[in-house]
Amino acid sequence: MSLIKPLLRAPLSAQFGLLVIVLYILVALFAPVLAPFGETEVVGEGFAPWGGQFLLGTDNLGRDMFSRLVYGARNTLGIAFLTTLLAFAVGGFCGLVAAIRGGWIDQGLSRLVDILMAIPQLIFALLILSVVGTNATSLVLVIALLDATRVFRLSRAVAMTVVVQDFVEAARLRGEGLWWLVSREVLPNAAAPLIAEFGLRFCFVFLFISALSFLGLGIQPPTADWGSMVRDNAVLITFGDISPLLPALAVALITVSVNFVVDWVLHKSSGLKEC
Amino acid sequence: MNSLCKLLLQRLALGLLSLFAVSVIIFLAVGMLPGDVAQAMLGQAATPETVAAFRAQLGLDLPPLTRFGHWAWQLLHGDLGLSLANQRPIAELIGARLGNTFTLALLAALVSVPAALLLGMLAALYRNSWFDRLLNTSALSAVSFPEFFVAYILILVFAVKLNWLPSISNLAPGASFAEVLERSLLPVLTLSLVVIAQMMRMTRAALINLLASPYIEMARLKGISQARIIFHHALPNALAPIINVVALNLAYLVVGVVVVEVVFVYPGLGQLLVDSVAKRDIPVVQACSLIFAATYILLNTTADVLSIASNPRLMHPKG
Amino acid sequence: MSDNNNKITQAMHDSGLPRRDFLKYSATAAAIAGAFSLGLPLHGWAEEATPKAGGVLRMGLAGGSTTDSRDPGSWSDTFTFVGFSAVYNTLSEISVDGTAIPELAERWESSPDARIWTFTLRQGVTFHNGKTLDAGDVVASIQHHLGDKSTSAAKTVLGDVAKVQAQGNDAVVFVLHSGNADFAYVVADYHLVIMPAKDGGADWQAGVGTGGYRLKGFEPGVRMDLERSPDYWKAGRAHFASAELLAIADGAARVNALVTGQVDVINKVDLKTVALLKRNPNLVIEETKGAQHYTFPMLTDSQQFQDNNIRLALKHAINRETLLASVLYGYGQIGNDHPIQPGSRFINSALEQRGYDPDKARFYLRQAGVDSLKVRLQASDAAYTGAVDASVLFKEQARQAGIDIDVVREPADGFFSNVWMKQPFTTSFWYSSLTADRMFSIGYAKGAAWNETHWDNARFNQLLNAARGEMNAPLRQEMYNEMQALCRDEGGAIVPLFASSVAARSKRVAHGGLTAPYGELDGLRLIERWWQA
């Protein structure tokens, strides 16, 4: 009950966002059931029209577009979610600890992050992926590492303004441990900007992957993924063809939805009563 | 202010150290890539003899430490060295492109930063109104499409259909400023759309976060207007995260625009860097990376100093 | 950044001219030179329509990189090929009908064993800096690619050359290690441009040539600006007043630039868009057939593929027609497991076309003593755009024949140095060659540097040597016919497709109606051959 109540009271945008997210998760989980054909299966002639046997037609090789989109949800969302989670676990935690502990831990971590961040993200990814090879695991690890540096900076900056406040000082004087300081004193007061960042970071992973596929290093064919699917057909956009729009819209919809929900959570946690 | 000066100097010293670390990392990373400049340049036309001749000619047969030392020594004397791929002085290779990159970043920053801050404050002021929602949704939509997708859509509308602007931003030597402006408009627009959302949302979030603080509550009880509360009472305290996000995005405008450069055929540093990585042209990769890293470190340091200056409590840390 | 096409580029422009033809052409060379001074229209340079002088030719080309250089030995892709072809000339030129005609050399003759070649230079040709062309310039320019210290991509092209020396002021003598009837075609290679000699070497830094256009500016990876040389020696050529080459790596950006009228010509049109571009009444698609061919090389000395039955099974398990439609959108021709392109004068037209036949594939599997087969195909788009797609399609087709192909996608970076010719089953591509001899020599002969299947067939190698020195054209053709059959039935490479190179031009520019049948953009010579409409 306690979960449903705030949901019913949530603004329309948040409800819409949640609905879309749940739908996406279902699609991702049940992709093999929902998709009429296999992910990489060649089932017909290339460029079959919409409707009929193939709901959204086929791509240039004769693979079913609809099935590819459905499998794309699984691959794209899975990778983006894992990456963001990893980035926040590592980056967020280190940032908070750096802010609370200060001293050489802060200095050490901050300098390391400075160095990593000073190397252009795309180039760094390009270098590492060229060395270790492009597969899902290395993509997740590399992007998570790069994103973690951004999260670290933000969480440290936000936590710094919290740490200097009196209640943290008081808790310190009470002799509370690091874990208490992080989870009870600093995190609740630094959560809002971090949550906002989570929403955007999550979406940036899609974008980063599609930028990498622009340079030929994204998720590799024949795996279906929205970022690469947009890239593959992008050249058709200037002819007014809509096929690249489908995966792009799929990404846009989830981005907007995630951020609607984030906004709502943000609003609730801010404690503002007015609506 | 003394403590600020000290901080600044300390940061600059650390920045130089970071630059050194970056150059070591890049040198090692490029060294770990499969193949070297000789193989990359000759491609499949390579035979063992030509590759060996190439390596000897460029001194690639020397041990890595010697090459790095030589490079660093030259750099300390202000010499970026020669490109391995075409033997041109790197300073000359980079010069014009560096100007192009900074012009593009500057134009995009001039458009996006004021717009993002203004929109963010307005969104906070009219939070949860239809205006706020519309703004938010459009910003999110803009940012949720890949850069090249946004760019192609803009090209479709403004170049192919309306024929108002050129689809590629190639600059003939000696182009006038007006020409540069016209040719840069679409890339600037693309970049702005990409970076505005994050800055705007951070501004809004940071402001709204503060609106629940007791001192704002107090101000509100005193009957101060919403707009005044936001601009005079909340904004100064929300500056730290906003400045950080702005700095990150400014850095992105300089170092992260490879894709936009490729789509608009804009001769910037990003394309040079990617090409040089592909050809394993280590000195050029080093030079570009150092420029990017220095840009980032400068912006970052400025952001840190500004956020400390904006928060008196950070200026005088206790204990 | 995606068009990684600098593979064996020199393979493209050579031609195995039968000895009989060669004699005919060297005999006519003098006549041509004579006709020149009279200002008569010439064989090879004659134009079908009346060209208009003036105007600017603007090109948006793939294949330009920031690492490009003025050094001819380093040219590896379209941008430098096309641009510098307008600045420089070579000793001989490949005409639109695919034969070698005199360019800076006015005529040539060889010793009876085709081992010693003498090129007599055209008189009164000057470089853009005013210097008059002499034999010293030619020797320095050729030497630039030779020697132990050479890093030139053309070094292998000149592998036959033992010695090159001036004979007086206006003749150059090449001494070859062994006879080569095709040598007049070798010196037409676009790397072998003639530069002025300076301090004992060739002066490539200055960018000064004898061509129709002066180099006004070159910013590698960005642009090249050319302006017409007022005193170009060649009549009926170089019509544009200036030319502008833009390096546009992104396929969509090239198409956009053409559609919005910012450039007049683009190359490497994304095949997805060809059908859409054709609807635009202002544009014309220029297709050059058989420009490249795609292969799936199987290492014949690997444990997996040493049995020819296994190779034959795979050759029957691929559906060429489907690949042509899906990967090339129809812009190409199907291959017959040998590297001679359909339409080449060396093609064995009696050879039966191999088709998709899963039953036959199963038959060959049984011959090899197995019921089913599992192989690993290491694919990369470094070979050609769509190589991974083609491999995936192949996998689906081979399944019908009980062959399980595990497609492993390899990174494009370093593919040709680390995977190709090292792993048993990979993807690859070749620029097709005008001459059967050249193609077989570099890709199929025993011990050749790029024998991508490690093939060693005694009969084939014997025929190759015999054909190179064979003066009798029908006899030579018979040998080539047998060699094609050997490749098809015993070789290690599956050759499913010959790909066209597809360019597009705006109707603002025109050409004589006939473009060179090899090499994109009118044999890379559009700048001096085309004109404004």
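I count two residues as in contact if their C-beta atoms, placed from the backbone, lie within 7 Å. The model I am looking at is predicted.

**Chain A, contacts.** I took the contacts in chain A between residues at least 6 apart in sequence and looked up how many join residues at least 24 apart; the share is 66%.

**Chain A, elements.** I went through the secondary structure next. Chain A has 11 helices and 0 strands. Read from the N terminus, the order is α-α-α-α-α-α-α-α-α-α-α.

**Chain A, extent and burial.** Along the principal axes, I get a box of roughly 75 × 50 × 30 Å for the C-alpha atoms of chain A. Of the 275 residues in chain A, 53% are buried.

**Chain B against chain A.** I then turned to the contact between these two chains. Chain B brings 59 residues to it and chain A brings 50. Which element of chain B gives the most to this side? I find helix 1 (residues 2-32), with 9 residues. By class, I note 41 nonpolar, 14 polar and 4 charged residues on the side of chain B that touches chain A.

**Chain B against chain C.** Here I list 38 residues from chain B and 42 from chain C. On the chain B side, the elements giving two or more residues are helix 2 (37-42), helix 3 (48-58), helix 7 (147-161), helix 11 (258-264) and helix 12 (269-278). Helix 12 of chain B has the largest share of that side, 6 residues. I sorted the side of chain B that touches chain C by class as well: 21 residues are nonpolar, 14 polar and 3 charged.

Note on methods:
Residues numbered from 1 in each chain as written. Chains lettered and ligands numbered in written order. Predicted model: local features only at pLDDT ≥ 70, side-chain atom pairs only at ≥ 80, totals over all residues. Helix = DSSP H or I, 4+ residues; strand = E, 2+ residues; numbered from the N terminus. Nonpolar A, V, L, I, M, F, W, Y, C, P; charged D, E, K, R; others polar. Buried ≥ 20, exposed ≤ 12 C-beta atoms within 10 Å, placed from the backbone.
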